[in-house]
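Student: I would like to learn how to read the features of a model from its atoms. Can we go through one together?

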Amino acid sequence: MSSAPSPAASRRWLALALIATAQFMVIMDTSIIGVALPEIQADLGFAQGDLSWVFNAYVVAFGGLLLLGGRLSDLFGARRLFGIGWFVLLAGSVAAGAANSVAVELTGRAVQGVGAALIAPAALTLLMMLFGAEPRELTKALAVYGAAAPAGGTAGVFLGGVITEYVSWPWVFYINVPIALIALVATPALMPSGGAGARGGVDVLGALTVTAGLGTAVYAIVRAPEAGWGSASTWLVLAGAVVLLGVFVALQAARRAPLMRLSIFRTPDLGAANLAQLLLGGAWIPMWFFLNLYLQQVLGYSAFPSGAALVPMTALIMIGMIALAPRAIGRYGPKAMIVTGLAMLAAGLAWLSLIRPGGSFWVDVLPASLVAALGMSLAFIPSLGTAISSARPEEGGLASGIVNTSYQIGSALGLAAMTAVASAYGADRLGDLPALSDGFSAAFLGAAGIAVVGALLAAVTLRSPQPADAAPVDVSAGRG
């Protein structure tokens with residue numbers, strides 16, 4: 001028998017490269033805008049308290065529509081949804097890059113999030129269709145797919161700095177265009193057809209209510225410092241968010257084909273692992289966001305040095321997720337690593353809260369950010385793997401969609417809350433370095449509190465299987 005790979009086998013690995021590229025791009029689009037934020041703010045006139053919506057508009061649309069994207073993939077076919085998602089991402093990228101106002105910029109970012117919500121679940125479905133019949137190759141494919149996520153996070157931080165410094169900020173969005181065009185051409189030739197035919201309808205109302213509810217909650221928290229936490233308008237908006245999310249839960253309980261079967265949360269450890277993912281996102285993303293602003297607005301770094309300053313942290317995340325976390329899980333078990341990782345993240349964030357107006361990268365940023373990055377990488381993989389492997393095999397797609405949603409929404413709500421905290425402590429006073437440092441320090445300390453709560457809840461709610469009996473970890477949906 002010839003050892004040369006068959007054309008069909010070669011095509012499968014080319015398809016995997018495209019699927020990994022999709023994961024890379026979806027995560028890169030969350031991180032690439034960080035270094036560009038001050039220039040976007042200056043050119044489009046964002047208020048300091050509204051700047052986080054450049055991130056949140058993408059994340060709320062992405063997280064809120066992931067379950068719908070998975071359902072549409074089951075109904076109409078993963079290949080079709082994969083291609084449609086790339087087209088939508090392309091359109092949103094063009095709109096965000098060409099924006100000449102705050103409203104157009106946020107609309108473009110939201111459209112990008114819709115595209116990502118169609119791409120992500122379809123990509124994982126296609127991977128399973130290509131490699132699911134051969135366990136050894138599936139393991140390799142999942143490793144490649146999982147490694148694409150931290151690579152996307154690292155590349156986003158660095159490329160954002162290079163593009164903003166030497167080209168212009170719109171190109172942090174335009175960079176998606178050629179990649180999306182290649183993906184649209186390659187998808188029909190490389191991706192398997194089929195996979196459609198699931199019964200039932202599309203719970204569009206459920207998708208709309210959960211996305212509207214989450215978006216309303218984030219909006220209320222971001223605007224609270226300006227309107228006042230005790231004002232009637234703040235609490236009315238928050239009440240509206242609770243009502244919308246309550247309607248979503250009621251719809252899921254009543255529908256025969258819901259976006260999210262509520263009884264799945266009775267599965268041991270699934271709810272606890274999703275809660276860990278939600279709080280992990282709620283602690284990590286504010287750190288990344290405000291660290292970018294501290295480097296540029298307080299330490300005076302320009303875009304390229306600011307992006308380069310975050311490369312050690314994101315590189316450690318990639319190494320930790322791929323090389324360190326699986327070994328540690330095998331030795332100590334997933335629960336111990338989730339608790340330890342969240343505790344280390346809290347320690348790194350508390351260390352970062354000691355930043356000074358006249359600080360330096362080597363003293364105030366690098367050591368603390370590396371501790372936080374190591375903690376994040378150790379906690380993320382076991383909490384993700386526990387959330388996915390706790391579900392029945394036939395509900396792996398649903399479990400993957402839920403855990404992706406948990407992390408994205410935790411990121412959005414955590415950033416919204418910490419933006420409010422930072423503004424309350426002076427982060428909205430541009431040019432006032434002591435006030436900016438105080439605001440960013442408060443945000444880091446608040447994020448540390450979120451991580452501490454996550455560690456405590458994980459310690460109480462997760463079961464403690466022996467390391468040898470620990471569920472295998474699926475790294476198929478990592479984060480940068």
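Student: Are Tyr 58 and Phe 62 buried or exposed?

Tutor: Buried means under 20% relative accessible area, exposed over 50%, and partly exposed in between, with a 1.4 Å probe and protein chains only. Tyr 58 and Phe 62 are both buried. This is a predicted model, so local features need pLDDT of at least 70 and side-chain atom pairs count only at pLDDT 80 or more, while totals for chains, interfaces and linings use all residues. Residues are numbered from 1 along each chain as its sequence is written, and side-chain values use heavy atoms, with hydrogens and water left out.

Student: How is a pair of aromatic rings described?

Tutor: A pair of aromatic rings is described by the distance of the centres and the angle of the planes. Rings of Phe, Tyr and Trp (its six-membered ring) pair if their centres lie within 6.5 Å; planes under 30 degrees apart count as stacked, over 60 as edge-to-face and the rest as tilted. The count by this rule is 10 aromatic pairs. One of them is Tyr 58 with Phe 62, a tilted pair with 5.9 Å from centre to centre and 55 degrees between the planes. About one helical turn separates Tyr 58 and Phe 62, because they are four residues apart in helix α3 (residues 53-76). Helices (H or I, at least four residues) and strands (E, at least two) are DSSP runs, numbered from the N terminus.

Student: Which kind of pair do Phe 380 and Tyr 407 form?

Tutor: Their ring centres are 5.5 Å apart and their planes stand at 90 degrees, so Phe 380 and Tyr 407 are edge-to-face. Phe 380 belongs to helix α15 (residues 361-389) and Tyr 407 to helix α16 (residues 396-424), so this pair ties together parts 27 residues apart in sequence. Phe 380 is buried, at 0% relative accessibility, and Tyr 407 is buried at 2%.

Student: Which residues have the most contacts inside the largest nonpolar core?

Tutor: A nonpolar core is a set of buried Ala, Val, Leu, Ile, Met, Phe, Trp, Tyr and Cys residues joined through side-chain atoms within 4.5 Å. The largest one has 144 residues, and those with the most contacts inside it are Phe 82, Trp 284, Phe 290 and Phe 440. Helix α11 (residues 270-298) gives the largest share of this core, 18 residues. Phe 289, Phe 290 and Phe 440 make one aromatic cluster. Contact means heavy atoms within 4.5 Å. Setting aside neighbours within four places in sequence, the contacts of Phe 290 include Leu 415, Met 418, Phe 440 and Phe 444.

Student: Where do the buried residues of helix α2 lie around the axis?

Tutor: In helix α2 (residues 37-44), the buried residues are Leu 37, Pro 38, Ile 40, Gln 41 and Leu 44. They cover an arc of only 165 degrees, so they are on the same side of α2; the arc is that of the directions from the helix axis to the C-beta atoms. These buried residues pack against α3, α5 (102-131), α7 (171-174) and α11. Exposed Ala 42 and Asp 43 are on the face of α2 turned away from its buried side. Gly 45 follows α2 and has a positive phi, near 80 degrees.

Student: How many helices and strands are there in the protein?

Tutor: The protein has 17 helices and zero strands. Of its 480 residues, 57% are buried.
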